[in-house]
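Here is a friendly walk through one protein structure, from its inside to a few spots along its loops. Have a look at the model first, and then we can go through it together.

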Amino acid sequence: MSRLLKTLKSTFGYDSFRPLQREICDATLAGKDVFALLPTGGGKSLCFQLPALIRPGLTVVVSPLIALMKDQVDQLKATGVAATYLNSTLGAKEARARLAGLHQGKYKLLYAAPERLMLEGWQENLKAWGVSCLAIDEAHCISEWGHDFRPEFRQIARLRAVLPDVPLMALTATATERVRADIVTHLKLRDPVTFVASFNRPNLTYRVTPKDQPLKQIITFIRKREDESGIIYCASRAAAERVADSLAGRGFSARAYHAGLSGGERETNQEQFLRDDTRIICATIAFGMGINKPNVRWVIHHDLPKNIEGYYQETGRAGRDGLPGDCLLLFSPGDVAKQTHFIDQITQQREQQVARNQLRQIVHYAESAGCRRAELLAYFGETFPGSNCGACDNCLEPRETYDGTIAAQKFLSCIYRIKQATRFSVGLNHIVEVLTGADTEKIRRWGHDRLSTYGIGKEFNRSQWAAVGRELMRLGHVGVAEGEYSTLELTDSGMDLLRSRAPVTLTKPLDLPVAKRVTRRTGDIACDEILFAHLRGVRKKLADERKVPAYVIFGDATLRAMAREYPVTIQDMSGIFGMGEKKLAEFGPIFTAAIAEFLETNSQQTFD
């Protein structure tokens with residue numbers, strides 16, 4: 001029996017390697033730089049932990065998260081491996097003790113954040129400790145095109161000068177071709193041996209469902225799985241808290257996890273989940289990296305993820321034990337609008353461009369009628385060999401199609417007419433506004449209300465036209481310009497289609513009752529939906545402080561009127577529906593201040 005296999009069995013209790021693990025261990029033990037891409041649950045950690053026990057000296061593991069360090073060190077110590085970490089959670093006395101242990105050669109593995117390795121005096125430490133390998137976990141953090149870019153990771157390459165003969169190992173679970181190239185370049189890997197495992201997780205089932213009364217949908221889902229552990233990912237701390245409280249109030253074992261909780265609360269909730277004392281964690285993306293809980297049976301995305309890499313990694317936390325796992329994404333056009341709004345606030349052009357590209361890709365995934373598994377694998381440059389995976393909603397229940405020839409002609413023609421009339425291209429939202437006959441300042445200023453395509457698409461609402469546009473992008477008939485503005489252009493095939501008027505088959509969008517809820521219900525006052533949501537938060541805080549229901553402060557109609565009129569003075573506020581004198585005196589200054597603050601970073605909309 002080889003030493004690798006013997007150590008694998010004696011230390012970790014495994015009889016055999018997972019795909020590519022042995023080859024990666026052999027390459028790093030041969031002193032070569034290694035790039036390893038293994039899916040979540042594919043056993044990345046073993047690829048540097050096992051060689052560390054065999055080779056002399058210290059293996060330094062660069063890790064982005066404190067929780068990841070503690071989790072892995074706890075697991076290693078439980079198996080008898082001499083491992084430690086150094087981070088900001090340690091007191092001065094404990095940190096000194098661990099440093100002394102490192103100088104005495106007591107440890108085989110050290111986990112540390114990249115910025116700590118750059119501290120004054122650490123270069124001498126690293127030379128003195130006999131470092132024999134440098135492993136960079138979650139290496140995609142080094143790339144601005146990755147889903148979790150961390151600028152401090154860019155400093156790691158400087159260690160090559162400090163430790164010129166020490167091999168580097170870069171490991172990640174999610175990386176496109178572009179990110180892989182970035183990792184190799186920025187880490188200055190020398191002729192690395194590259195290992196790329198399949199991204200396919202055959203035990204996972206993927207579903208996308210229209211978001212409509214999400215709490216009710218979640219309860220229906222988990223009632224069938226009451227004895228199973230699961231994670232609900234939310235876009236905001238408030239949503240994570242709200243969902244956790246709502247589930248706990250209905251008797252489910254649920255807790256929240258997000259960066260706004262104290263360290264103690266986060267640690268307690270995480271421990272409860274890891275020990276199965278809590279079945280459900282409602283979390284922001286702060287939860288999960290490096291958490292090796294094998295029996296997570298399901299993952300729900302309450303909100304649209306920001307990108308496919310993040311979605312893939314988060315869904316990958318289900319079924320790490322190889323048993324079946326269910327992944328459900330609740331999709332709403334309103335989530336797309338919210339994310340677009342936040343992206344618009346990004347001041348750095350390149351960062352904004354990356355965010356727009358990533359959002360477009362995850363929306364394409366959510367709206368696609370094709371095999372979810374094939375879509376995910378294609379994103380990472382892998383081809384799914386079959387035509388039906390048998391484990392996603394689109395393969396199990398194929399979506400209906402319809403004759404979309406006229407809709408496609410209208411959309412493509414609108415792009416063409418705008419470009420012809422004004423000599424510049426516009427974005428998806430503007431095209432939709434022209435098709436639906438919206439009366440906006442830009443449409444009037446650019447004369448787009450005089451185009452032949454103005455108002456010709458009133459048979460569809462804005463969400464439906466946006467879905468048509470995105471499908472034409474997926475089909476390759478419409479391209480998106482790179483640069484500061486995501487403007488739409490006709491591709492060669494789009495121009496051919498426009499000229500030939502050939503038949504076009506489109507997929508019926510997900511039945512989205514939520515689209516009506518997000519745009520406007522009958523009787524609702526048209527208003528700035530982002531500001532309305534913000535004002536509801538202000539109202540909730542006031543209501544909680546006074547221990548009264550939110551409607552005692554103001555009804556929704558009053559908040560919607562504020563979100564339509566943007567009152568920033570008491571005089572402006574006095575004309576708002578539902579604003580009596582007492583409430584004006586008590587709450588007027590609070591809400592005018594909130595609206596004024598909102599307008600500092602957001603533009604004012606106009607309404608019919």
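A residue is called buried when its relative accessible area is under 20%. Keep in mind that this is a predicted model.

**A covered helix**

Let's start with helix H19, which spans residues 428-435. Of its 8 residues, 7 are buried, so the helix is mostly covered, given the cut-off of under 20%. Which residues of H19 are the buried ones? They are Leu428, His430, Ile431, Val432, Glu433, Val434 and Leu435. The cover over them includes H18, helix H20 (441-446), helix H21 (462-474) and S16. Just after H19 comes Gly437, whose phi is positive at about 75°.

Searching the whole structure turns up 3 cavities of 30 Å³ or more. The second largest cavity holds about 50 Å³ of space. Its lining is made up of Ile415, Ile418, Lys419, Phe424, Ser425, Val426, Ile431, Leu488 and Glu489. Two elements give two or more residues to that lining: helix H18 (405-422) and strand S16 (488-490). H18 supplies the largest share, with 3 residues. What kinds of residues are found in the lining of the second largest cavity? There are 6 nonpolar, 1 polar and 2 charged residues.

In soluble globular proteins, nonpolar side chains tend to be buried together. In this model, the largest nonpolar core has 106 residues, and the members that touch the most others are Leu109, Tyr111, Leu134, Ile136, Leu187, Leu304 and Tyr365. Helix H15 (residues 349-367) gives the largest share of this core, 7 residues. There is also a second, separate core of 28 residues, with Cys414, Leu435, Leu451 and Val468 among them.

Setting aside neighbours within four places in sequence, Leu187 contacts Ile136, Ile142, Ile156, Ala157, Arg160, Leu168 and Ala170.

Ile222 is another buried residue to look up, with a relative accessible area of 1%. It sits in helix H10 (residues 214-223). Beyond its neighbours within four places in sequence, Ile222 touches Leu247, Phe252, Ile280, Trp298 and Ile300. His258, on the other hand, is 36 residues from Ile222 along the chain, and their C-alpha atoms are 21 Å apart.

**Aromatic rings**

A pair of aromatic rings is described by the distance of the centres and the angle of the planes. The structure has 13 aromatic pairs. In one of them, Phe48 and Tyr111 have ring centres 6.4 Å apart and planes at 65°, so the pair is edge-to-face. Why does this pair tie together parts that are 63 residues apart in sequence? Because Phe48 belongs to helix H3 (residues 46-54), while Tyr111 belongs to strand S4 (residues 109-112). Both Phe48 and Tyr111 are buried.

Tyr379 and Phe380 make another edge-to-face pair, because their planes stand at 90°, with the ring centres 5.1 Å apart. Tyr379 and Phe380 are both buried as well. Together with Phe199 and Tyr312, they form one aromatic cluster.

Most residues other than glycine have a negative phi, and most peptide bonds are trans. Gln213 has a positive phi, near 55°, and Arg501 likewise has a positive phi near 55°. Gln213 lies in the loop between strand S8 (204-210) and H10. Arg501 is found in the loop between helix H22 (492-500) and strand S17 (505-507).

Asp74 is in helix H4 (residues 66-78).

| Residue | Relative accessible area | Class |
|---|---|---|
| Asp74 | 33% | partly exposed |
| Gln213 | 40% | partly exposed |
| Arg501 | 59% | exposed |

Note on methods:
Residues numbered from 1 in each chain as written. Predicted model: local features only at pLDDT ≥ 70, side-chain atom pairs only at ≥ 80, totals over all residues. Heavy atoms only, no water. 1 Å grid on protein atoms, 1.4 Å probe; cavity = no way out; pocket = protein on both sides within 12 Å on 5 of 7 lines; lining within 4 Å. Points joined across faces, edges and corners; volume = space filled by probe spheres on them. Helix = DSSP H or I, 4+ residues; strand = E, 2+ residues; numbered from the N terminus. Nonpolar A, V, L, I, M, F, W, Y, C, P; charged D, E, K, R; others polar. Core = buried A, V, L, I, M, F, W, Y, C linked by side-chain atoms within 4.5 Å. Buried < 20%, exposed > 50% of the residue type's maximum accessible area, 1.4 Å probe, protein only. Contact = heavy atoms within 4.5 Å. Phe/Tyr/Trp six-rings, centres within 6.5 Å; stacked < 30°, edge-to-face > 60°.
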